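I opened this entry to look up how the two chains meet and how they are related to each other. The model comes first, and my notes follow.

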2 protein chains.
Amino acid sequence: MGALRRKLTRAGLPGLLVTHLPDLRYLCGFTGSSAALAVTRRGARLFTDGRYTAQAAAETKAAKVQIVSNPPAVAAVQWLAAQPGVEMAGFDPAHTTVAGLTALKTALPYRLRRSFLAALPVAFVESLRQVKDEDELSVMREAALLGCRLFEHILNEFRPGITEIEVAAELEHQARLLGAEGMSFETIVASGPRSALPHGRATAFALPRRGFLTLDFGVILKGYCSDMTRTVFLGKPKPKERRAYAAVLEAQEAAVAAVTSGASCGEVDEAARGVLRREGLAEAFSHSTGHGVGLEIHEPPRVGSGQSARLLPGMVITIEPGIYLPGEFGIRIEDMVAVTRNGGQVLTPAPKALIEL
Amino acid sequence: MGALRRKLTRAGLPGLLVTHLPDLRYLCGFTGSSAALAVTRRGARLFTDGRYTAQAAAETKAAKVQIVSNPPAVAAVQWLAAQPGVEMAGFDPAHTTVAGLTALKTALPYRLRRSFLAALPVAFVESLRQVKDEDELSVMREAALLGCRLFEHILNEFRPGITEIEVAAELEHQARLLGAEGMSFETIVASGPRSALPHGRATAFALPRRGFLTLDFGVILKGYCSDMTRTVFLGKPKPKERRAYAAVLEAQEAAVAAVTSGASCGEVDEAARGVLRREGLAEAFSHSTGHGVGLEIHEPPRVGSGQSARLLPGMVITIEPGIYLPGEFGIRIEDMVAVTRNGGQVLTPAPKALIEL
């Protein structure tokens, strides 16, 4: 909250409306599904509804709680407008709908409708979340290690005839039993030629006798997301398949090695992209190298081509180059990496040498 | 698409931008996660990115497909603006962020920035989705019956020491194995005094020896959501608990009986609310009686107090009155009900008499 207030002062904003739930959880700890947080230079107040009376009291730090019967964001804006010295408040244009903004303005006194709410710069609160503190890193390490345990578990579950959906179901069931609150995103299980789909949903098809199998999944632990991908081989790979895997692995490791405090995201991306370009696979690598991760599965920074944002100690990013050869196969290898003063620390130490099953 | 075009004509709109994914799936069948649909009186065009080339070709009906490298909504708006006779297009203010609208306007020729995009009335496309056709009803029946099978399955899984999370995990695992694409929402398993939380997430607490247990869950099948709640009793209920359950059941059945083509949503709500009021439980029933369901878990109409919208054949709504006595217990019973010319048809025929386990 201190860093946020300094940012508000620098932006010349006496007030702030926070409605994006991960931002709100980050700033005051509340995890319910309907709330708004109002912040001024002097205080902060959380608005939520009667379903969350007990939960808000137990969870909320650094803000007073007020239970309201009108929409929380409306109550928050009206409260802000009534605070002495608050003649303007920032709102997040990336997480406020056009209809939502109209409703907020309509709830204000007529003279304030045009002037009171000001669009915040891009990722105003989100960018604070990029650098994780020790408590957050400790939870994220735990989440990442849980992911590794799930990968180890699932390797023992492949039997003839098992379908992609059954693999996903087993992985998700085990995640729940090991304490995950849920999955960070829809589990990707893509086998054989389907591994060439970067976002292959699990299907009712049985795993093939031979071919690549890509598993991309993450768990949520205490609100924080993990994210990892491994590609294994069912049967015996051909030389071309081995070479392709080796190229992706080399690219992935080069990008991990490029993670240092002060490096630009574009430099990290280029470390992976350069390796694949040299192997003639530049075209087959059709996405960015990675992204920030935390309370949301995709957060700033974007680790992509030409991105000038610089890495700072405490950031957690994914490094996940991949290649996709339509009709043939695809390969992706992904780790979560924490940026430290001494380089990148891999949070997902599951094996990356090609596993043949 | 025909009904949509008639609506556009009536609204005096020559063009329409559709970005809300369930609307887009409804109108043209595409199920990917990044797309926009542009509709004029003469044609429709789906814009998506290169990851979805194969999928868009296979799934899309009633629209041409165009693969783009800029954001699909931007491409769609630029295409609309280039169509002869299209001097204005509607956009959905409830599903367009303030930042998103700015990006769309910036992508337009300067002379069109102020005038081209017009906010649609509330639920312009969504309201078409309220009335389901025979194909949709058939999928929703199947999804609802899958829910009933899961309820039956889970009744056999309660053993001493099992936690709420393990119950949720087993239910979700079984759902996947029986063909569900996922759950419609986070499974609610709330036992003992926690049943008094209308949105009790499953916790790591073991089920108590005695008390109510509320299970509220739904599956997704071919994109359509199911939704049902049953409350069972662990051990032997006391007379007060029995009476409370009987009151909720009577309220629920009264509301189901009130479902007829032409009835207002407020009348259906009042049928349940009146019963609970008579039992002195009006205060404990703190939410609406139900909501529409379909491609999204919450759709119009809202079946709440004073709602004047009228039920039409083909609508599918939930009927889910509940009571919540903080520190004591809660009870909720929920069915999915299809509106037919001859009254309401319950799609979730799982038993509702109080089950004692």
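**Interface notes**

I looked up the area buried between chain A and chain B and found about 2,100 Å², with carbon and sulfur atoms giving 59% of it (accessible area, 1.4 Å probe, that two parts lose on being put together, summed over both). On the side of chain A, the residues that lose the most area to chain B are A:V98, A:H173 and A:R176, which together make up 29% of what that side buries.

I note that this is a predicted model, in which local features need pLDDT of at least 70, side-chain atom pairs count only at pLDDT 80 or more, and totals for chains, interfaces and linings use all residues. Residues are numbered from 1 along each chain as its sequence is written, chains are lettered from A and ligands numbered from 1 in the order in which they are written, and side-chain values use heavy atoms, with hydrogens and water left out.

I then listed the contact (heavy atoms within 4.5 Å), to which chain A brings 22 residues and chain B 22 residues.

For salt bridges (a side-chain nitrogen of Lys or Arg within 4 Å of a carboxyl oxygen of Asp or Glu), I found two between chain A and chain B. A salt bridge joins the side chains of A:E172 and B:R176, at 3.0 Å from N to O.
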